[in-house]
Amino acid sequence: MALPLLWLGGAAIGALVVADERNKRKALQVERRLGRAPVKPNEKQASPLTPSVWHSSDVKVAPMPGSIVCCFVFGVIEHTGIWLGDDSLVELHGSGLVRPISSKRFLAGRTGSRIFQACDHQHHPLIADQALARATASIYQYRDYDLFDNNCHRYVWSCMTGEEVAISSFEKLNKQLASYFNQAIYWDEIR
């Protein structure tokens with residue numbers, strides 16, 4: 001008897017958390033429309049609007065060549081790449097191969113049905129000067145892939161800056177991006 005009650009309690013708490021997150025995201029979207037959303041990152045939060053499996057935004061952006069994109073892998077972790085244009089992007093695959101793929105392929109085998117792009121508070125993509133050139137030049141090269149030390153986030157950072165820095169998580173990538181662009185990072189869904 002206690003187990004079903006625990007399940008019901010867990011479901012109720014989960015529903016409250018999802019509803020609270022939805023309300024926070026809607027309030028942030030209103031603040032962005034009004035031009036009052038955070039422009040600069042703070043020490044607590046580099047990314048006020050993170051990608052979400054559960055919530056979609058009311059503004060969708062056009063992907064731009066050289067922009068940083070991401071999707072979810074099994075709803076748990078984010079996978080990042082660099083947008084090339086013409087519905088394609090470049091990613092570091094888990095095999096270590098840097099490869100160009102379509103957006104459909106980027107999402108295949110993952111839980112996401114949406115791709116997100118790193119933007120500023122006004123929905124403009126954040127693009128490093130040499131990111132597209134470095135990403136294009138690295139296609140079909142191999143990297144010694146490691147989930148924590150030499151992953152897709154490190155690859156994206158190397159495309160942006162030319163630096164090889166271990167970035168173990170999406171949160172750490174957001175902090176690096178916020179520092180690099182001196183902007184709060186907003187992950188907007190692409191059209």
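# Briefing on a predicted 191-residue model

Gln29 is placed in helix H1, residues 2–33; helices here are DSSP runs of H or I with at least four residues, strands are runs of E with at least two, and both are numbered from the N terminus. The model is predicted: local features need pLDDT of at least 70, side-chain atom pairs count only at pLDDT 80 or more, and totals for chains, interfaces and linings use all residues. Residues are numbered from 1 along each chain as its sequence is written, and side-chain values use heavy atoms, with hydrogens and water left out.

**Overall layout**

- The protein has five helices and six strands, and from the N terminus on they run α-β-β-β-β-α-β-α-α-α-β.
- Of the 191 residues in the protein, 46% are buried, where buried means under 20% relative accessible area, exposed over 50%, and partly exposed in between, with a 1.4 Å probe and protein chains only.
- Among the contacts in the protein with a separation of 6 or more, 63% are between residues 24 or more positions apart; a contact means heavy atoms within 4.5 Å.

- Gln29 counts as buried because its relative accessibility is 11%.
- Leaving aside neighbours within four places in sequence, Gln29 contacts Ser56, Ser57 and Asp58.
- The C-alpha atoms of Gln29 and Ser57 are 7.7 Å apart in space, while the two residues are 28 apart in sequence.

**Nonpolar cores**

- A nonpolar core is a set of buried Ala, Val, Leu, Ile, Met, Phe, Trp, Tyr and Cys residues joined through side-chain atoms within 4.5 Å.
- The largest nonpolar core has 29 residues, and those that touch the most other members are Ile68, Val90, Met160, Leu177 and Trp187.
- Two or more residues of this core come from each of strands S1 (68–73), S2 (77–85), S3 (88–92) and S5 (116–119), and from each of helices H3 (131–137), H4 (152–161) and H5 (170–181).
- A second, separate core of 11 residues includes Val61, Cys71, Phe106 and Cys119.
- Apart from neighbours within four places in sequence, the contacts of Ile68 include Ile82, Phe116, Val156, Met160, Leu177, Phe181 and Trp187.
- In soluble globular proteins, nonpolar side chains tend to be buried together.

**Aromatic rings and a charge over a ring**

- Rings of Phe, Tyr and Trp (its six-membered ring) pair if their centres lie within 6.5 Å; planes under 30 degrees apart count as stacked, over 60 as edge-to-face and the rest as tilted.
- By this rule there are three aromatic pairs.
- Trp157 and Tyr180 form an edge-to-face pair, because their ring centres are 5.7 Å apart and their planes are at 80°.
- This pair links distant parts of the chain, with Trp157 in helix H4 and Tyr180 in helix H5, 23 residues apart.
- Tyr180 also forms an edge-to-face pair with Phe181, at 4.9 Å centre to centre and 85° between the planes.
- Ring pairs link Trp157, Tyr180 and Phe181 into a cluster.
- The charged end of Arg110 sits over the ring of Phe106, 5.5 Å from the ring centre; the rule asks for NZ of Lys or CZ of Arg within 6 Å of the ring centre and within 35 degrees of the ring normal.

**Helix H5**

- The 12 residues of H5 should span 16 Å at 1.5 Å a residue, and the end C-alpha atoms are 16 Å apart, which agrees; the expected span is 1.5 Å times one less than the number of residues.
- Phe170, Leu173, Asn174, Leu177, Ala178 and Phe181 are the buried residues of H5.
- They lie on the same side of H5, because they cover an arc of only 135° around the axis; the arc is that of the directions from the helix axis to the C-beta atoms.
- An α-helix has 3.6 residues a turn, so residues three or four places apart point the same way.
- Glu171 and Ser179 are exposed on the other side of H5.
- The buried residues of H5 pack against S1, S2, H4 and strand S6 (186–189).

**Positive phi values**

- His123, a residue other than glycine, has a positive phi near 70°, and His123 is in the loop between S5 and H3.
- Tyr140 is not a glycine either, and has a positive phi of about 70°.
- Tyr140 lies in the loop between H3 and H4 and is exposed, with a relative accessible area of 58%.
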